[in-house]
Amino acid sequence: MEEARESLTSINGDFGFGGATDRRFAFSRQSSFQQPHTPIDIPAHGLHHHLYWSARDDKPSASLRQSSFSSFVFSVFRNVRSGQRYMKRLFLMISLNVAYSTAELLIGLFTGRVGLVSDAVHLTFGCGLLTFSLFVMAASRKKADREYTYGYKRLEVLSAFTNALFLLFMSFSLAVEALHAFIQDESEHKHYLIVSAVTNLFVNLVGVWFFRNYARINLAYRNAEDMNHHSVFLHVLADSIRSAGLILASWLLSIRVQNAEVLCLGLVSVAVFMLVLPLFRATGGILLQMAPPSIPTTALNKCLRQISAREDVVEVSQVRFWELVPGHVIGSLIVQVKEGTNDRPILEFVHGLYHDLGVQDLTVQTDNA
């Protein structure tokens with residue numbers, strides 16, 4: 001046993017974990033917030049055998065990764081087939097959009113109308129993003145594994161961010177199109193896109209009805225699933241507003257209203273931008289690991305002052321808090337204590353403070369002064 005401890009001490013030193021005074025992993029509380037982890041002695045020969053096996057067996061590990069990826073893809077398709085109602089609704093909406101965009105593309109190619117081809121390409125790109133959202137809905141249900149120890153829930157945040165980014169780009173492109181319509185002569189415009197806009201509006205209104213429970217701009221996200229579903233709703237809503245704007249512009253042009261297309265496209269551009277901006281900020285903040293908005297900064301600072309005020313605490317440093325997904329807050333900090341101090345009461349005090357604030361996972365490192 002002494003040889004095993006010496007071996008582990010040398011390994012810790014090689015990896016920069018310090019000496020006997022380093023208690024980096026002395027206490028780590030997860031969901032229970034009650035008991036510290038019990039140290040486990042690992043036999044030296046077992047550890048060396050594991051390292052030797054990993055070093056020489058690269059090819060089997062590569063094949064295992066390929067096999068796990070294939071099983072992951074198949075499990076995603078199984079989840080889509082047996083998924084919840086929102087997954088089935090999204091699959092139906094994607095099927096409708098694909099059928100419509102394909103028909104529009106073929107008609108545009110055979111008749112030589114560039115406007116129909118351009119609109120079909122736009123719809124195809126939108127269908128790709130919705131397909132990614134559907135894939136994420138299924139993939140996020142997979143449990144955590146050795147490679148993704150926190151699970152796949154953050155894929156939902158990434159999907160929502162991608163949808164928000166696409167909608168911001170669409171808002172910008174509509175603004176450019178409005179400027180282009182202002183510069184050129186509107187009398188040269190073709191109004192055959194009215195039928196396409198009406199059909200597209202009908203298809204998107206089906207999607208709006210499917211995700212009507214998320215019909216709010218500033219939605220309070222309880223979890224990552226809400227964020228992804230809200231992004232899908234905003235996607236189809238923005239497409240509906242765009243189609244409605246084109247229909248209104250065509251009607252106003254038919255009754256000789258000046259600059260009707262400029263006005264309608266400009267209003268649609270502003271409306272889409274205002275709709276998607278809160279989602280873009282929320283998803284971007286999570287991906288950048290911003291301080292959790294669910295916990296006030298004043299509350300975090302108050303906890304930090306209470307910890308620093310203890311007589312046995314010398315310094316508190318590297319305090320970091322962020323959201324893995326909406327509703328799941330993670331934090332870490334280093335507490336420097338006086339020499340010879342029992343750190344367990346300090347650890348329990350720190351975990352109790354932040355647990356009351358809603359921090360689910362907290363890692364505290366204690367070092368001797």
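Start by selecting aspartate 119: leaving aside its neighbours within four places in sequence, it is in contact (heavy atoms within 4.5 Å) with Tyr100, Glu104, Ser196 and Arg242. Before you click on, note that this is a predicted model, where local features need pLDDT of at least 70, side-chain atom pairs count only at pLDDT 80 or more, and totals for chains, interfaces and linings use all residues. Residues are numbered from 1 along each chain as its sequence is written, and side-chain values use heavy atoms, with hydrogens and water left out.

Is aspartate 119 buried or exposed? Aspartate 119 is buried, at a relative accessible area of 9%; buried means under 20% relative accessible area, exposed over 50%, partly exposed in between, with a 1.4 Å probe and protein chains only. Aspartate 119 sits in helix α5.

Next, select α5 (residues 114–139) together with α8 (residues 224–254). Their axes come within 10 Å and cross at roughly 165°. That makes α5 roughly antiparallel to α8. Here axes are lines fitted to C-alpha atoms, for helices over the stretch in contact, with angles running from 0 to 180 degrees between N-to-C directions; under 35 degrees counts as roughly parallel, over 145 as roughly antiparallel, 65 to 115 as roughly perpendicular and the rest as oblique.

Now show the side chains between these two helices. From α5 you'll find Asp119, His122, Gly126, Leu129, Leu130, Ser133, Val136 and Met137, meeting Asn228, His229, Val232, His235, Asp239 and Arg242 of α8. By type, the residues of this contact divide into five nonpolar, six polar and three charged.

Val232 leads on to the next stop. Which residues have the most contacts inside the largest nonpolar core? They are Leu90, Leu167, Phe211, Met227, Val232, Phe233 and Leu279, in a core of 45 residues. Such a core is a set of buried Ala, Val, Leu, Ile, Met, Phe, Trp, Tyr and Cys residues joined through side-chain atoms within 4.5 Å. Colour by element and you'll see two or more residues coming from each of α4 (85–111), α5, α6 (154–183), α7 (193–210), α8, α9 (260–287) and β2 (313–325). The most come from α6, with nine residues.

Jump to glycine 285 in helix α9. Glycine 285 counts as buried, at 10% relative accessibility. Draw a distance to phenylalanine 161: the two C-alpha atoms are separated by 10.0 Å, though the residues are 124 apart along the chain.

Finally, zoom out. The chain has 11 helices and four strands, and 41% of its 369 residues count as buried.

Notes
Nonpolar A, V, L, I, M, F, W, Y, C, P; charged D, E, K, R; others polar.
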